[in-house]
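This report goes through one protein model, from its core to its strands and a loop. The sequence and structure come next.

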Amino acid sequence: MIRFLILIGYTMLMMYLQVSGRLNQYINVHYGYLAILSMILSFILAIVQLILWNKEADKTSTEHHEHDHDHDHGLTKPYQRGIAYLLLSLPLVVGFMFPTISLDTSIVEAKGFNFPLSKESVGDPDVETQYLKPDTSIYFDKTDYDKQMKQALTRYIKDNHVDVTEENYLEVMELIYTYPSEFIGKTISYKGFAFNSTQKEQPGMFVFRFGIIHCVADSGVFGLLTHMPAGQSFENNDWVELTGTIHSDYYTPFKREIPVVDVTKVKKVEEPKNQYVYRSF
């Protein structure tokens with residue numbers, strides 16, 4: 001019976017995340033079908049466990065013990081089964097009891113804002129915390145990654161204006177940081193939230209979006225350093241829509257040149273219902 005309750009709990013959790021819209025804060029929305037599939041499988045397995053439990057209720061105590069031995073895979077002691085059930089129940093407790101938190105610039109400040117030059121520069125080839133540039137190269141071998149990026153680049157280099165939407169946000173940002181020379185001189189339009197860097201060497205205002213590549217484990221904050229028009233400033237977490245020209249500038253805190261937007265037009269806008277953007281493959 002406990003197995004049935006746990007499995008039906010997973011079914012209800014997946015349904016709840018779908019209906020409430022919270023699922024898009026955990027995984028890339030393009031993988032939503034996997035959550036639906038897991039919900040269906042959990043429901044089917046729950047029904048199977050309910051049928052088995054009803055059959056066991058009609059058997060003798062001896063047959064009942066033999067059945068447990070056949071299906072518990074060595075978890076014959078009550079405390080062993082208790083620990084197993086507790087571990088299986090933890091995701092349900094977290095999913096139902098702990099609220100999701102809306103992201104803002106305090107997340108950037110708390111984690112510390114940095115921009116590794118490469119995976120090797122941080123000493124960990126599997127580092128997943130990402131800033132400014134979405135990096136999908138860790139999911140492909142070098143040849144396939146280069147091929148995909150160059151193919152994506154052809155969609156943008158022919159035009160002098162790059163219109164960044166929620167659908168192509170992460171792709172465009174990755175291309176700009178990977179091939180900065182191809183975007184120098186182009187105008188760009190995009191929407192994001194303001195983050196005023198407190199770097200002593202060279203303060204500046206970035207315009208970011210929180211993004212998810214596959215799931216929340218490889219999420220990050222992505223965007224560009226901006227030079228706003230004279231007299232124009234925004235507070236942290238203000239959402240803005242801007243248009244400007246891309247150029248390259250040396251950013252002292254990172255000790256390297258990075259793409260920068262000279263903003264020509266900017267306005268404050270309403271915060272979107274879903275603050276995340278997702279990588280399409």
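Which residues touch the most other members of the largest nonpolar core?

The model is predicted. Its largest nonpolar core holds 50 residues, and Ile 188, Tyr 190 and Leu 242 touch the most other members. Helix H7, residues 169-178, supplies the largest share of this core, with 7 residues. Another core lies apart from it and has 9 residues, including Ile 6, Met 14, Met 39 and Tyr 85.

Leaving out residues up to four places away in sequence, Tyr 190 touches Val 164, Tyr 169, Met 173, Val 207, Leu 224, Thr 226, Val 240, Glu 241 and Leu 242.

## Helix H7

Helix H7 is largely enclosed by the rest of the structure, because 9 of its 10 residues are buried.

Strand S4 covers residues 204-212; 9 of its 9 residues are buried, so S4 is largely enclosed by the rest of the structure. Both of its faces are covered. Gly 204, Phe 206, Phe 208, Phe 210 and Ile 212 are buried on one side, and Met 205, Val 207, Arg 209 and Gly 211 are buried on the other.

Which strands pair with S4, and in what sense? Strand S3 (residues 187-197) runs antiparallel to S4 and is joined to it by 5 bridges. A hairpin of 6 residues links S3 to S4, and Phe 195 stands opposite Phe 206 in S4. Strand S5 (residues 220-227) also pairs with S4 in the antiparallel sense, over 7 bridges; there Leu 224 is the bridge partner of Val 207. Both Val 207 and Leu 224 are touched by Tyr 190. Strand S8 (residues 276-278) runs parallel to S4 and is joined to it by 3 bridges, with Ile 212 opposite Tyr 278 in S8.

Asn 274 sits in the loop between strand S7 (256-268) and S8. Is Asn 274 buried or partly exposed? Its relative accessible area is 21%, so Asn 274 counts as partly exposed; the cut-off for buried is under 20%.

The side chain of Asn 274 makes a polar contact of 3.1 Å with the side chain of Tyr 278, the residue in S8 that stands opposite Ile 212. Asn 274 and Arg 22 are 252 residues apart in sequence, while their C-alpha atoms are 9.7 Å apart in space.

## The chain as a whole

The protein chain has 7 helices and 8 strands. Of its 281 residues, 39% count as buried. Among contacts between residues at least 6 apart in sequence, 70% join residues at least 24 apart. The accessible surface comes to about 16,100 Å², and 59% of this belongs to carbon and sulfur atoms.

## Confidence

The chain averages a pLDDT of 80, and 78% of the residues score at least 70. Confidence is highest in strand S2 (residues 161-163), at a mean of 96, and lowest in helix H3 (residues 61-71), at 49. Over residues 117-127 pLDDT stays under 50, and the model has 10 contacts beyond four places in sequence for this stretch. Where pLDDT is low, the predicted coordinates should not be read in detail.

Methods. Residues numbered from 1 in each chain as written. Heavy atoms only, no water. Core = buried A, V, L, I, M, F, W, Y, C linked by side-chain atoms within 4.5 Å. Buried < 20%, exposed > 50% of the residue type's maximum accessible area, 1.4 Å probe, protein only. Helix = DSSP H or I, 4+ residues; strand = E, 2+ residues; numbered from the N terminus. Contact = heavy atoms within 4.5 Å. Areas by Shrake-Rupley, 256 points an atom, 1.4 Å probe, with all protein chains shown as cover. pLDDT = per-residue confidence, 0-100. Pairing = 2+ DSSP bridges. Polar contact = N/O pair within 3.5 Å; in protein donor to acceptor, adjacent residues only side chain to side chain.
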